[in-house]
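Q: Hello! Could you walk me through one part of the structure below, and then set it in its surroundings?

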Amino acid sequence: MDKFTYITGLVAPLDRANVDTDAIIPKQFLKSIKRTGFGPNLFDEWRYLDQGEPGMDSSNRPLNMDFVLNQPRYQQASILLTRINFGCGSSREHAPWALLDYGFKVIIAPSYADIFYNNCFKNGILPVRLTEDKIQQLFSEVKANLGYQLQIDLEQCRITLPGGEHFSFEVETSRRHSLINGLDDIGITLEDINLIEKYENNRRLTKPWLFDVIK
């Protein structure tokens, strides 16, 4: 997992509440567990005018130009601004995979579904929670200013707006540690590899019969 400390990125405003995981990545794309290749099908039913299926070449599909991610001003966005309860619905981990594969590193919303929120950290996405009045301020500024960018500093837990205003946010210490150091669940476990090896060696000495090979 890539380390996350600091990012300056273009913001795309998804002005919808209660966006569920089936909207983020529809069910027909869940057959693969490779974690990559889902970006072209992020928000598939909203981005395209036809029915998407696995294996289709999305580069030739008709676009819904009313959808925010298809608008030229939001191309290459790495920060997604959205509304309450983002990521609700089923617990599919493909949802953060699709967001990350598209290029989103940060999501900013008032609230998230719990499982989706947890899955973001496990896959290297920073889900930021801000109050609804701050979210509304950001929506207004993003829509009024072409090329609107934010600076996200995870070490300081601070968002810097183009005019210099700062918003603070909170992230649990353990989750912050994992993102800054690029650690998924396996990586967190391997931080204690010396203790694990010491325990296993001690078990071999004190209870060798547990390690006998059955022939």
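Which residues does aspartate 44 touch, not counting residues up to four places away in sequence?

A: Happy to. This is a predicted model, in which local features need pLDDT of at least 70 and side-chain atom pairs count only at pLDDT 80 or more, while totals for chains, interfaces and linings use all residues. Residues are numbered from 1 along each chain as its sequence is written, and side-chain values use heavy atoms, with hydrogens and water left out.

Leaving out residues up to four places away in sequence, aspartate 44 touches Ala23, Pro26, Phe29, Gly52 and Arg61. A contact here means heavy atoms within 4.5 Å. Aspartate 44 sits in helix H2, which covers residues 44–47. Helices (H or I, at least four residues) and strands (E, at least two) are DSSP runs, numbered from the N terminus. Is aspartate 44 buried or exposed? It counts as buried because its relative accessibility is 1%. The cut-offs are under 20% relative accessible area for buried and over 50% for exposed, with partly exposed in between, using a 1.4 Å probe and protein chains only.

One of the partners of aspartate 44, Ala23, leads on to another element. Helix H1 spans 21–24 and is among the elements that cover the buried residues of helix H3. H3 runs over residues 94–102, and its buried residues are His94, Ala95, Pro96, Trp97, Ala98 and Leu99. Besides H1, what covers them includes strand E2 (79–81), strand E3 (106–109) and helix H4 (114–122). Glycine 103 follows H3, with a positive phi near 130°.

H3 also matters for the largest pocket, where it supplies the largest share of the lining, 3 residues. That pocket has a volume of about 250 Å³ and 15 lining residues, with Met1, Asp2, Leu100, Asn123 and Gly124 nearest its centre. For the method, a 1 Å grid is laid over the protein atoms alone; a pocket is an open set of points with protein on both sides within 12 Å along at least five of seven lines, whereas a cavity is a set where a 1.4 Å probe fits but cannot get out, and lining residues have an atom within 4 Å of a point. Grid points are joined across faces, edges and corners, and the volume is the space filled by probe spheres set on the points.

Back to H2: the loop between this helix and E2 holds arginine 73 and glutamine 76. Arginine 73 is partly exposed because its relative accessible area is 28%. Beyond residues up to four places away in sequence, arginine 73 touches Leu10, Val142, Lys143, Asn145 and Leu146. Glutamine 76 counts as exposed, at 71% relative accessibility, and has a positive phi of about 70° although it is not a glycine. Another non-glycine with a positive phi, about 50°, is cysteine 157. Cysteine 157 is placed in the loop between strand E5 (149–153) and strand E6 (158–160), and it counts as buried, at 12% relative accessibility.

Helix H5 (132–144) lies beyond another loop, between strand E4 (126–129) and H5, and leucine 130 is found there. With a relative accessible area of 5%, leucine 130 is buried. Setting aside neighbours within four places in sequence, leucine 130 is in contact with residues including Ile108, Ala109, Pro110, Ile135, Leu138 and Phe167.

The protein chain has 8 helices and 7 strands, and its C-alpha trace spans about 70 × 45 × 25 Å along the principal axes. Buried residues make up 42% of its 215 residues. Among contacts with a separation of 6 or more, 66% link residues 24 or more positions apart. The accessible surface of the chain comes to about 11,800 Å², 50% of it from carbon and sulfur atoms; such areas come from the Shrake-Rupley method with a 1.4 Å probe, and for residues only the protein chains shown count as cover.
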